[in-house]
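Please look at the structure shown here, and keep it in view while you read. The paragraphs that follow walk through parts of it, one after another.

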Amino acid sequence: MGLEHRLGRMVKPADGCSLLRSSASDPFLKGCVLMKIHEYQAKELLKAAGVAVPAGEVANKPEEAAEAFDRLKTPLVVVKAQVHAGGRGKGIAVGPDDDHAAAYDIACGRKQRPEGVAKGVQLVKTKEETRKAAASLLGKKLITYQTGPQGQTISKVLVTVGHEIARELYLGMAVDRALHCPVVMASTEGGVEIEKVAHESPEKIERVPIDVGLGLLEFQGRKLSHALGLKGDTAKKGEKLFKGFVRLFLEKDASLAEINPLIVTGAGDVLALDCKLNFDDNALFRHPDVAILLDAAEEDPAELRAARSGLSYVSLDGNIACLVNGAGLAMSTMDLIKYHGGEPANFLDVGGGASKEQVLEGFRILLSSPNVKAVLVNIFGGIMQCDIIAAALLVAYDEIDFRVPLVVRLEGTNVEAGMKLLKDSGRKIITATGLTDAAQQVVAAAKGQE
Amino acid sequence: MSILANKSTRLICQGITGKAGAFHSEQCQKYGTNLVGGVTPGRGGTTALGVPVFDTCDEAVKATGANATMIFVPPPFAADAILEAADAGIALIVAITEGIPVLDMARANGYLKAHHSHVRLVGPNCPGVITPGVCKIGIMPGYIHKSGRVGVISRSGTLTYEGVWQLTNLGIGQSTCIGIGGDPITGTDFVAALALFESDPETDAVLLLGEIGGNAEERAAEMKATGRFTKPMAAFIAGQTAPPGKRMGHAGAIISGGSGKASDKIAALEAAGIHVAKSPADMGLTLKAALKS
């Protein structure tokens, strides 16, 4: 089975609760903000599309959670931290004074979990237990194997009915680039990491290609039921669920949808116990109802700020920042730095324009990170002329307190004029000739700052 | 390669009255491309860059005999523009637009396959196609290219220019450069482009520029390994330092749950006998080495 046939979990799947921030002032963000939403939001969308989900309520305060318990009128309740990360069940809620590193070890299974430590998902049976569980989570940071030791703040919990689980299944959907269409994936191996299943026993995953115009066909629904071992009434319930699931994906321009686990209860009902939904941000312009679900608190602030200026930005762990025009060249520049012994601090693509304002904002975002020890500007000016780019760089340089070395490599139209402008500027800008020279210079400059 | 952009190309631009469409159409004209018209609904009857503007592709084709189009239509309407061009009988569609919803492209591809299977779509989200010295359909700077016998296929824009510039400076000219684009679903993938180059008598070798996300590079490697592509090949894969789960600019550049990693692509390419450049500074040199072996 080819690599393309694995559905993997994104590093930060959408689950958990959130601050429902109305981004009404800024609903259509361009750029590399991967549109993820929280579990409770995903469940609301599923429900609206006809997919059965457990009854539940979102709570911002322990008292609200307790009241929710009363309204749910059920013997078993599950209190779930709402954060954009997987592994919540084994995750640990910590306060500011707790040992984050130790908690991360526990969440990753490297250390024993001591008694009384608050997990990200807790089963409770009374109103008081519900209140206590919510209190142990709200306002704390949840550390899971996916969040790293810094964890993510829990602002909301989902208080949901606990069901007796007879079977745990998997249902997913994503766009298959080779087939040029979305594919539904179903497996009897639910509740575990599907990537492991794809790797070890790919035959346990049923794949059904979806015609975007026709949606899930009736016989395809039956095929999925059969693959999942559903029979009779349960199969019918399953088929209704699959239809709604596919309809939601297609209607809302999702990019990735996972229900893991999809459960069959003792009574033969089929429910989505957990759901991750990611959306195609190219399509957000036509889904304002999805766009406002964006939880700015869950996103990297620098990445969000960059997106607002039409820049593509991803922060990394290193200390050499780069500003490049073009995604492929930007990724290559990161690779180039690493190849020469440096560590890239980010990916930043100013796109085809490289205007003065974008360069300025790009510099501001790069330098807002205290880790940055040197900056490399790598621009291949095709239509954009190098002397115009150089002039823009100088203006930006002057407006910012450039406290670290700046290496500039320009290539393209009017490159000699551009380089001359930089050299004659009297600013402390290091001009590089060629990619290798640029990388060597910036790596040396960063080391010199340590 | 004459199959795509050549002396017989009669190009229209959909979106010619927009800023980007106008600018790049003029650049193509200056390069020597035969621009014969433009299409912008509502602006039919006017003129731009000395050529007539039409309301529909159909009218444009009937009046000018256009056989190629370059699309600069905004994302919400671009997929529709692709299908309109195909319906009008245009054989080569180069979609420059970035930001088209993925499912729109899924729909468009399905429609083309069902109703216009002979149409070649390149892109979207791509710099275009150029046969150096002959015809340019896209936004790439013409001057960096040199006519020759090496084909270039790339998912990227400026990284392609980097690679082409390195080749040109080594005296290695290009037969055709095809920017297939950075989106998850494109009209022409590596496999299709390699098939074109395999049957092109004017191409002796290919430089392939890939990146993280998907498994297009692995499928390209398979073509070489199974003998469906027989010419020397060199490659570079961008994004070896990209972290999983993040979208690196291009909609298609995501490492999702272990698949789409640069290391896997590089391994597959090398196993198939393709020379892979370790640094982006060595793309040209790696192709040169591939030519020798």
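In chain A, strand S15 (residues 312-315) and S17(A) pair in the antiparallel sense over 4 bridges, where two strands are said to pair if DSSP finds at least two bridges between them. Strands here are DSSP runs of type E with at least two residues, helices are DSSP runs of type H or I with at least four residues, and both are numbered from the N terminus. In this pairing, the bridge partner of A:Ser312 in S17(A) is A:Asp349. This is a predicted model, in which local features need pLDDT of at least 70 and side-chain atom pairs count only at pLDDT 80 or more, while totals for chains, interfaces and linings use all residues. Residues are numbered from 1 along each chain as its sequence is written, and chains are lettered from A and ligands numbered from 1 in the order in which they are written.

Which way do the residues of strand S17 (residues 346-349) of chain A point? A:Asn346 and A:Leu348 point one way, A:Phe347 and A:Asp349 point the other way, and all are buried. A residue is called buried if 20 or more other C-beta atoms lie within 10 Å of its own, exposed if 12 or fewer do, and partly exposed in between, with the C-beta atoms placed from the backbone. In a regular strand the side chains alternate between the two faces of the sheet.

Strand S16 (residues 320-324) of chain A is mostly covered, for 5 of its 5 residues are buried. From S16(A), A:Ile320, A:Cys322 and A:Val324 point one way, and A:Ala321 and A:Leu323 point the other way. S16(A) runs parallel to strand S18 (residues 374-381) of chain A, and 5 bridges join the two; within this pairing, A:Leu323 stands opposite A:Val377.

Elsewhere in chain A, 4 strands form an open sheet in the order S2-S8-S3-S5, with antiparallel pairing. Its edge strands are strand S2 (56-59) and strand S5 (121-124), each of which pairs on one side only. Neighbouring strands of this sheet are turned by 20 degrees against each other on average, direction ignored, where axes are lines fitted to C-alpha atoms, for helices over the stretch in contact, and angles run from 0 to 180 degrees between N-to-C directions. S2(A) is joined to strand S8 (residues 157-161) of chain A by 4 bridges in the antiparallel sense, and there A:Glu57 stands opposite A:Val159. Helix H4 (residues 127-137) of chain A packs on the sheet and touches S2, strand S3 (77-81), S5 and S8 of chain A, while its direction makes about 10 degrees with that of S3(A).

Another helix of chain A, H6 (residues 218-227), contains A:Gln220. Why does A:Gln220 count as buried? A:Gln220 counts as buried because it has 20 C-beta neighbours inside 10 Å. The C-alpha atoms of A:Gln220 and A:Phe242 are separated by 9.4 Å, and the two residues are 22 residues apart along the chain.

Turning to chain B, 7 strands form an open sheet of mixed pairing in the order S9-S8-S11-S10-S12-S13-S14. Strand S9 (135-138) and strand S14 (275-276) of chain B stand at the edges with a single partner strand each, so one side of each is left without a neighbour in the sheet. Strand S12 (residues 205-211) and strand S13 (residues 233-238) of chain B run parallel and are joined by 6 bridges, and B:Leu207 stands opposite B:Ala234 in S13(B).

Two helices of chain B, H6 (residues 190-198) and H7 (residues 216-225), have axes that come within 8 Å and cross at roughly 35 degrees. B:Phe190, B:Val191 and B:Leu194 in H6(B) meet residues of H7(B), including B:Ala220 and B:Met223, where contact means that the C-beta atoms of two residues, placed from the backbone, lie within 7 Å.

Finally, chain B is divided into domain 1 (11-122) and domain 2 (140-292), with bounds that come from an automatic or database domain assignment. The centres of these domains, taken over C-alpha atoms, are separated by 26 Å. Their contact takes 9 residues from domain 1 and 9 residues from domain 2 of chain B.
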